[in-house]
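I open this notebook to record what I looked up in the structure, entry by entry. The sequence and the structure come first.

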Amino acid sequence: MHTRLLAAAIAVALPLAPVPAAAAPIAASLTAPLVAPLSLLADAGTVTPAQASGARKPVQDRAQGLLKAGNPDSAAELLAEEASKRSDPVLHLDAADAYKTAGVKNKSKADLTSGIEEAKIGLDILYFLQDPRCDPDWQLVDSSEVSAEIRRGEKLVEDSEKAITDLDTKVEAPPPVEEDKGRKKAPRDGRGYIAVGSLLTLVGVGGLGIMGAGLATGASAQKDIDTLADSLKNGTIMQAQFDAEKTAIDDKGKRGNVLTYAGIGVGAVGLAAGIALLVVGIKKRKQYRAEHGGASDSPSAMLLPALGRDSAGLVLSGRF
Amino acid sequence: MSLRTLPLCLASALAAAVLAPSPAHAGCTDLSGLCLEPIKGGKWEPDASLSGKQLKAKRKGAPGKLSVTIEDGRGSVFVDGRLAGTAPVANLTLGPGKHDLQVRDGQKILAEGVLTIPKGASVRVVVRHP
């Protein structure tokens, strides 16, 4: 209540200059009692460009001092306040300029936005000064300077909007992506285990094959020695021939045994290690798929029989 | 819902629709770009203007109040050839009678004409921003 009374007193004491309502609704409601009756505005007297310029100069000088002291925020506030009091478009543009400087310095979008609004108010007034509805006794700017001031205002709006865009761009810029150096790392989906497991399983199968060959050689040698023994019993061959051939068959049998033992060893180790690694690899792959999904480039392996005229075997084919 | 309660519900809905306060301005559609809230004695004459003599004429009677808002945009309000403020303008004290009004956003004129303020009345206008 006291504030309203004080405001009313100030309104009476103030010179009868047009006082614009504030832009914001709250500010408008606060300053509403300060708005001079417009019936008085019409009688507010003549304002010439020279008078307006004379009143503007001390404000500009004070603002210039603040700007030189590196305080564009205070300069902008001072200019905006005085511009609003006097409805002076030039001061509005000066305020816009100071807000722009403050906005760029502080990286403040709020300052830049305030600057744009100040510039737009200044432009509204400048364009109205060229309008036939404008009171001929209310000439704040010399008509020869209006166009130049309009250009200045439009450039201020443009520059401030660009500064806001630049700030937005800097904020929204994605973090630099590190270049992929070298070969892409293979996913840890157990493909290595499966590859090595498959290889060892193949070696194990090969070992079993060697064992089979050894057993066959041993059986063949046994058969030969039995036949040779029968021949000696029947008297078909002499003891000396028997001894000579027996030595050769013994060597063949020993070779078969060696092959059998080696095949057993290689087959057992290969199959045990290979199957164990395959199990681990398959488990890891299942886990990886569950976590990452998809199986577009999953490893695969195929074991196929290969039969030829003079050979037979297995072919391992796969992608790891 | 039974047939007995249906008319009751319809009547309630109708009453609610009639009694509910309508929005002050659901959207200004006047071709002049300015909508004047209906008030006795208030008048808006788009594109009209006052002569210098009419502007300087003494006004008798209790002053009125003018509030100006702009839909979807900004602008400055000029009354009788001078800046009155930047929208929204609230409770601007004006002498009764005809006033020259222009609302503009830079080069663009949003509305202009002559607005009549009745004695002691509060007039509210909404200006459409194209």
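Two strands count as paired here if DSSP finds at least two bridges between them. I note at the outset that the model I consulted is predicted.

**Entry 1. A pairing in chain B**

With that criterion in hand, I looked up strand E3 of chain B, residues 64–71. Four bridges join E3(B) to E6(B), and the two strands run antiparallel.

**Entry 2**

In which order do the four strands of the open sheet in chain B stand? I read the order as E1-E9-E3-E6, with mixed pairing. Strand E1 (34–36) and strand E6 (89–94) of chain B stand at the edges; each has a single partner strand, so one side of each is left without a neighbour in the sheet. From one strand to the next, I found a twist that averages 25°.

I turned next to strand E4 of chain B, which covers residues 76–79. E4(B) is joined to E5(B) by four bridges, and these strands run antiparallel. The bridge partner of B:Phe78 in E5(B) is B:Leu83. E4(B) also pairs with strand E7 of chain B, residues 97–105, in the antiparallel sense and over four bridges. In E7(B), the residue opposite B:Phe78 is B:Gln102.

Are the faces of E4(B) covered or open? Both are covered: B:Ser76 and B:Phe78 on one side are buried, as are B:Val77 and B:Val79 on the other. Strand E5 of chain B, residues 82–86, is mostly covered too, with five of its five residues buried.

**Entry 2. Backbone details in chain B**

The hairpin of E4(B) and E5(B) has two residues between the strands, and B:Asp80 there takes a positive phi near 50°.

The loop between E5 and E6 of chain B holds B:Pro88. I found the peptide bond from B:Ala87 to B:Pro88 to be cis, with omega near 5°.

B:Asp47 is not a glycine, yet its phi is positive, at about 70°. I located B:Asp47 in the loop between strand E2 (43–46) and helix H2 (52–56) of chain B. Because its relative accessibility is 61%, B:Asp47 counts as exposed.

**Entry 3. Chain A as a whole**

What elements does chain A contain? I counted ten helices and two strands. From the N terminus on, the elements run α-α-α-α-α-α-α-α-α-α-β-β. Of the 320 residues in chain A, 32% are buried. The accessible surface of chain A comes to about 19,400 Å², and carbon and sulfur atoms account for 60% of that surface. Among the contacts in chain A between residues at least 6 apart in sequence, 63% join residues at least 24 apart.

**Entry 4. Helices H5 and H6 of chain A**

I then examined helix H5 (residues 72–86) and helix H6 (residues 89–106) of chain A, which pack at an angle of about 155° with axes 8 Å apart. The cut-off for roughly antiparallel is an angle over 145 degrees, and H5(A) and H6(A) therefore count as roughly antiparallel to each other. H5(A) passes H6(A) in a left-handed crossing. On the H5(A) side, the residues that meet H6(A) include A:Ala76, A:Leu79, A:Ala80 and A:Ala83. On the H6(A) side, those that meet H5(A) include A:Leu91, A:Ala95, A:Ala98 and A:Tyr99.

Where is A:Lys107 found? I placed A:Lys107 in the loop between H6 and helix H7 (109–129) of chain A. A:Lys107 has a positive phi of about 50° although it is not a glycine. With a relative accessibility of 59%, A:Lys107 counts as exposed.

I also looked up what surrounds A:Lys107. Leaving aside neighbours within four places in sequence, A:Lys107 is in contact with A:Ala102 and A:Leu167. A:Lys107 and A:Ile164 are 57 residues apart in sequence, and their C-alpha atoms are 8.7 Å apart in space.

Conventions
Residues numbered from 1 in each chain as written. Chains lettered and ligands numbered in written order. Predicted model: local features only at pLDDT ≥ 70, side-chain atom pairs only at ≥ 80, totals over all residues. Heavy atoms only, no water. Buried < 20%, exposed > 50% of the residue type's maximum accessible area, 1.4 Å probe, protein only. Contact = heavy atoms within 4.5 Å. Areas by Shrake-Rupley, 256 points an atom, 1.4 Å probe, with all protein chains shown as cover. Axes fitted to C-alpha atoms, helices over the stretch in contact; angles between N-to-C directions. Parallel < 35°, antiparallel > 145°, perpendicular 65-115°, else oblique. Left-handed = near helix turned anticlockwise from the far one by under 90°.
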